[in-house]
Amino acid sequence: MNETKPVEWLGDRLMIIDQTRLPQHESYIELADHYQVAEAIKSLKVRGAPAIGVAAAYGIALGALKIDSRDLTEFRDQYRAIAAEIAATRPTARNLFMAAERLNAVADKARDVIAAKEALVAEAEKIHCEEIESTRRIAEYGAALIKDGDTVLTHCNTGPLATTGRGTALGVIIEAHRQGKRIQVLTTETRPLCQGARLTTWELKKAHVPFRLITDSMAGHFLKEARVDLVITGADRIARNGDTANKIGTYGIAVLARENKVPFYIAAPSTTFDDRIATGEEIVIEERSPDEVTHQAGKRVAPEGIEVCNPAFDVTPARYITGFITETGIRKSA
Ligand code: MRU
């Protein structure tokens with residue numbers, strides 16, 4: 001199904017599908033420098049942990065290509081500012097920092113500016129290829145968990161748009177359908193920005209997977225009524241003990257799944273696992289603009305002058321997670 005290329009390197013610029021305009025408009029935009037890439041990540045034109053990592057890698061490489069100096073020390077000074085700017089766009093997804101760290105290591109090793117520029121582009125392309133390959137494997141391993149006739153509940157958007165490959169949780173679901181299993185999907189709308197209602201429905205429709213859209217607050221009802229066989233979501237960062245940050249609302253679904261004895265799986269590539277942090281307490285949760293809560297599709301739905309909370313992610317403790325679907329297989333713990 002993946003004819004759409006959510007992120008595409010064009011040699012001297014980056015093309016992305018603008019996810020903020022979907023599903024009404026399938027519009028592609030070209031990003032000519034790292035400032036535009038940083039803005040696109042911040043504003044969620046490109047979003048989803050693996051896709052953020054890929055865009056960040058290309059953004060840093062793009063910034064490096066534009067450095068107008070042959071002096072390696074001067075190049076490295078400017079390079080560091082570019083990489084820091086991209087790394088500061090969003091705090092939660094591990095993939096963003098993984099990409100910056102990998103490119104920084106390449107920049108540190110290069111012997112001259114031309115070699116550095118070539119190696120940085122090559123590393124960004126490698127990260128992109130690896131994410132595509134990881135999601136192919138995740139889809140295949142994970143599909144084995146879904147039986148003919150199952151209903152799968154998912155949250156947020158974890159498909160090709162979010163990964164540049166086949167998707168994590170959604171890749172698993174689409175693969176199970178592709179294998180001929182008669183499945184049903186319940187997808188939450190995922191307030192405040194409705195990644196589920198806008199993007200997951202768009203991707204499921206394209207893949208011809210039967211689904212129904214529900215509001216976030218309906219998830220508990222469907223889990224209790226025994227109308228869900230398993231839950232699969234993606235992740236933005238996974239600590240060593242398996243505590244997992246994902247889109248706000250994931251924690252509630254995981255607790256309700258446990259209460260109703262429904263298995264709850266996380267699908268994520270190794271680039272989302274953060275070996276440097278012991279538990280979810282160390283994960284920085286992004287707080288986004290109040291407008292995202294007070295407005296829906298650009299229209300104000302709450303009174304002016306009120307206090308708003310808008311954490312973009314929550315952390316699900318490892319004890320609620322039945323297993324992790326990764327590119328190396330399915331395992332019980334992180
Ligand atoms: O704020 P977003 O839309 O970037 O959040 C995305 C999510 O939380 C996804 O579930 C997660 O990145 C997994 S993507 C395969």
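Is Y58 buried or exposed, and what is its relative accessible area? Y58 is buried, at 4% (buried is under 20% relative accessible area, exposed over 50%, partly exposed in between, with a 1.4 Å probe and protein chains only). This is a predicted model, in which local features need pLDDT of at least 70, side-chain atom pairs count only at pLDDT 80 or more, and totals for chains, interfaces and linings use all residues. Residues are numbered from 1 along each chain as its sequence is written, and side-chain values use heavy atoms, with hydrogens and water left out.

The structure holds 4 aromatic pairs (rings of Phe, Tyr and Trp, the last by its six-membered ring, with centres within 6.5 Å; planes under 30 degrees apart are stacked, over 60 edge-to-face, the rest tilted). In one of them, the ring centres of W9 and Y58 are 5.2 Å apart and the planes at 5°, so this pair is stacked. W9 belongs to strand β1 (residues 7-9) and Y58 to helix α2 (residues 49-65), 49 residues apart (helices are DSSP runs of H or I, at least four residues, and strands runs of E, at least two, numbered from the N terminus). W9 is buried, at 13% relative accessibility.

Next, select Y251 and Y320. Their ring centres lie 6.3 Å apart with planes at 70°, so the pair is edge-to-face. Y251 is partly exposed at 36%, whereas Y320 is buried at 14%.

Finally, select K247 with F313. The charged end of K247 sits over the ring of F313, 4.4 Å from its centre (NZ of Lys or CZ of Arg within 6 Å of the ring centre and within 35 degrees of the ring normal). R331 lies over the face of F273, 5.0 Å from the ring centre.
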